[in-house]
Amino acid sequence: MGLLTILKKMKHKEREMRLLMLGLDNAGKTTILKKFNGEDVSTISPTLGFNIKTLEHRGFKLNIWDVGGQKSLRSYWRNYFESTDGLVWVVDSADRLRLEDCRQELSALLLEERLAGATLLVFANKQDLPGALSKDAIREAMALDSIKTHHWCIIGCSAVTGENLLPGVDWLLDDIAARIFTAD
Amino acid sequence: MKHFLRVLTQFFVFLYCKCLWRTLKFVIRKVTGRCELQRICYNNKPGARRTLKIESSLRFSKNELLQSAVSAHPDSVEKTIDDIMTLKKINPDTNPQLGISLQASLFQIVGYRNLVLEVEKLRREPYDCENAEHEEMLLKLWKALRPETPLTGRISKQWCEIGFQGSDPKTDFRGMGLLGLHNLLYFAEHDKAAALQVLHDSLQPKHRPISLGTTSKLSKAEWEKKKFDKAIGYSFAIVGINITDLAYALLVSGALKTHLYNVAPEMPSLAHFQQTFCYLMQEFHKFWTEEDPSDIMEFNHVRAKFHKRVLKQLKNPNMTLCPHFAASDLHLVNL
């Protein structure tokens, strides 16, 4: 009976993950969230505060937090760090002027103790725009190769067309699952 | 037994919808000598109560002429009314008021449909820096809200003072396109005092009274930090764009019909929609203050609650959303 209960419990155990989506304002965080959830992305307004969506994907229950990127909201980001499994950093690949700003914000985040165990996925968003920098250019500009503290991956995507969103999230889930669910 | 009763009720409801309802209409028509449209006009005051009933009566009619009347072109409304009068065999000389009442209602119905199209077109037009008209509107917005301070440049940190996110407002219009800019400018120009007041209040740091007991436990640095955290009201312009989103959702879902049929004597126009926006901005501001959220992170929660409240208000067919504007501005229904 004992073994059966344990087996059942293991099977039914909610495989829950908490993902935190951050980035500068106008990076496309809410659009990514809505597109991934299959919602209409044509009527999005700037995010004041945050959005949260809970959705099922590949048998995982994902709690995705999308927090506004406006400068005055960034001091609130730390309220959402607790028990984050994956950090999704969204970059507007067409916003060349603020890339340095973007790099600084990310490197400050990676020093946070409460994000120490989190996997990092960088979305080089807006690849559909004509002036967008390539994934590799963003990787260089953001000095991603110098990150040694976190598992990370960069993926070029477009939230509007939905291109590459799924491969990005899948990589993130695989990496987190390998880390936290191996005990099962 | 319970199950059986439920099936039975469902069956009767189905029967009612399918044929009893029509039979009932037919009998009442024979007894009173009046058709449904006449009865609606005689029994209901002008405004949303009457127009909503006429709209659903036309929409669910079997007759193609009546069905298509709700989507008539504004220019052909008068002809449509004549056709309906002929179809229903109503003599315009003995019922002079009926034609006028029906026409006013039909104008409201087709006007609402056209307003939805007009608003949608504005929303779909993205803000374009190359377009001189767009740029001029944006600069006018600055002048209206900050008459004392000249803008140092088109791209400037000053935009944050009126609540845009960064130094170029262009990216903040997003999904609401030009509609957001039109609304904000209308608010700033036509309801100037209220707009300046909301802007002023939104810039006030929100200091929470921190009680003495907690102060002693916190170090000075922590206290300063805490004070700083609370020192954010909300951002006027992007709240405006979010409220535009809310007004747009109310319009498209049809919830605004109650209000617009009550305030627009004939075709509701863009100005009516923009006045509704001004009202919603002020009401939201009041609501925000009453709710007293601890910080801006609760915005979406408060917004959803506000949305629910407005929807509930609009269920009442006598509701109008702008007691603030003078009756002369709105040409209140008076037929």
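Predicted model: local features only at pLDDT ≥ 70, side-chain atom pairs only at ≥ 80, totals over all residues.
I started with the chain pair: 23 residues of chain B are in contact with 19 residues of chain A (contact meaning heavy atoms within 4.5 Å). Residues are numbered from 1 along each chain as its sequence is written, chains are lettered from A in the order written, and side-chain values use heavy atoms, with hydrogens and water left out.

Next I looked up the buried area: about 2,000 Å² between chain B and chain A, 53% of it from carbon and sulfur atoms (accessible area, 1.4 Å probe, lost by the two parts on being put together, summed over both). On the chain B side, Gln165(B), Arg174(B) and Met297(B) supply 35% of the area, more than any other three residues.

Then the polar side of things. I get zero salt bridges between the chains (Lys or Arg side-chain nitrogen within 4 Å of an Asp or Glu carboxyl oxygen). Eight residue pairs are in polar contact across the interface, both at pLDDT 80 or more (N or O atoms within 3.5 Å, one able to donate a hydrogen and the other to accept it; residues adjacent in sequence count only if both atoms are side-chain atoms).

Last, I checked Ser105(B). Ser105(B) is buried, at 3% relative accessible area (buried is under 20%, 1.4 Å probe, protein chains only). Its side chain makes a polar contact of 3.2 Å with that of Thr51(B). Beyond neighbours within four places in sequence, Ser105(B) also touches Arg50(B) and Ile54(B), among others.

Key
Buried < 20%, exposed > 50% of the residue type's maximum accessible area, 1.4 Å probe, protein only.
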